[in-house]
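Okay, thanks for making time, everyone. I'd like to walk you through one model and stop at a few spots in it. Have a look at it first.

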Amino acid sequence: MTAAAPSPEVLAAFEAAKGFMPVHEGLALYAAAAGAGALGLPLLEVGTYCGRSTILLADAARTAGVSALTVDHHRGSEEQQPGWEYHDPDVVDPEVGLMDTLPTFRRTLHRARLEEHVVALVGRSPQVAAVWAGPLGLVFIDGGHTDEHANGDYEGWAPHLAEGGLLVIHDVFPDPAHGGQAPYRVYLRALASGAFTEVSATDSLRVLRRTGPGI
């Protein structure tokens with residue numbers, strides 16, 4: 001069976017958006033989201049940034065008739081702060097002197113004509129997860145890359161993932177020379193839990209299916 005793929009228009013919007021996910025990983029994310037959409041449950045992303053990957057989740061959600069949820073405080077993760085490799089001064093709010101990616105994110109969705117299919121949850125992931133009660137068809141972890149943040153995202157959101165739902169983890173680098181290890185450790189933790197079975201690996205993107213209880 002051929003994997004689901006976004007339309008040329010949606011893919012063009014993804015490529016034009018500010019962000020870091022390469023196209024081939026984006027296509028794998030889209031295929032996972034399209035498959036998870038069959039459960040009839042919301043698709044959730046942790047780590048919105050400027051909405052690049054949100055475009056793909058939103059389009060898959062639109063096709064499935066569900067909502068895409070995206071969680072971010074919009075002040076930037078640790079590696080996006082001034083002086084770090086991924087800092088972008090264009091998304092700094094000059095009035096408060098802090099990063100604010102929310103306006104860019106909103107413009108991204110508006111240009112892609114996907115605003116009505118996305119619920120933006122503005123806040124810190126553990127706080128939002130603590131007040132969330134519903135089941136989810138997909139949880140995409142792409143937030144902060146410290147152990148504290150990656151584990152917090154996993155512990156906060158994985159319990160809400162329905163049976164048969166997909167856990168997607170970005171920036172999984174088994175070799176420390178290629179990137180930080182926190183997402184990799186969360187990936188190993190999920191497999192070791194016995195609750196998840198690996199479905200696919202596309203460079204640093206891992207897709208796991210919930211096949212048992214727990215985290």
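When I say two residues touch, or are in contact, I mean they have heavy atoms within 4.5 Å. And just so we're clear, this is a predicted model.

Let's start with Thr48. You'll find Thr48 in the loop between strand E1, residues 43-46, and helix H3, residues 52-64. So is Thr48 buried or exposed? Its relative accessibility is 2%, and the cut-off for buried is under 20%, so Thr48 counts as buried. Who's around it? If we skip residues up to four places away in sequence, Thr48 touches Thr54, Thr70, Val71, Asp72, His74 and Phe105. With one of those, Thr70, there's a polar contact, side chain to side chain, at 2.5 Å.

Now the nonpolar cores. The largest one has 31 residues, and the members touching the most other members are Leu43, Ile55, Leu138, Phe140 and Val168. Which elements give two or more residues to this core? On the helix side that's H1 (8-16), H2 (23-36), H3 and H4 (102-112), and on the strand side E6 (136-141), E7 (161-169) and E9 (205-210). There's also a second, separate core of 26 residues, with Leu44, Leu69, Val71 and Ile169 among them.

Leaving out neighbours within four places in sequence, Val168 contacts Leu29, Ala32, Leu138, Val139, Phe140, Ile141, Leu205, Arg206 and Val207.

Next, helix H7, residues 182-192. Its buried residues are Ala182, Pro183, Tyr184, Val186, Tyr187 and Ala190. A reminder on spacing: an α-helix has 3.6 residues a turn, so residues three or four places apart point the same way. What do the buried residues of H7 pack against? Helix H6 (147-157), plus strands E7, E8 (196-202) and E9. After H7 comes Gly194, with a positive phi near 80°.

Last stop, the second largest pocket, at about 240 Å³. It's lined by 14 residues, and closest to the centre are Ala31, Ala32, Leu166, Val199 and Arg209. H2, E7, E8 and E9 each give two or more residues to the lining, with H2 supplying the largest share, five. By type, the lining is 10 nonpolar, three polar and one charged.

Conventions
Residues numbered from 1 in each chain as written. Predicted model: local features only at pLDDT ≥ 70, side-chain atom pairs only at ≥ 80, totals over all residues. Heavy atoms only, no water. Helix = DSSP H or I, 4+ residues; strand = E, 2+ residues; numbered from the N terminus. Buried < 20%, exposed > 50% of the residue type's maximum accessible area, 1.4 Å probe, protein only. Polar contact = N/O pair within 3.5 Å; in protein donor to acceptor, adjacent residues only side chain to side chain. Core = buried A, V, L, I, M, F, W, Y, C linked by side-chain atoms within 4.5 Å. 1 Å grid on protein atoms, 1.4 Å probe; cavity = no way out; pocket = protein on both sides within 12 Å on 5 of 7 lines; lining within 4 Å. Points joined across faces, edges and corners; volume = space filled by probe spheres on them. Nonpolar A, V, L, I, M, F, W, Y, C, P; charged D, E, K, R; others polar.
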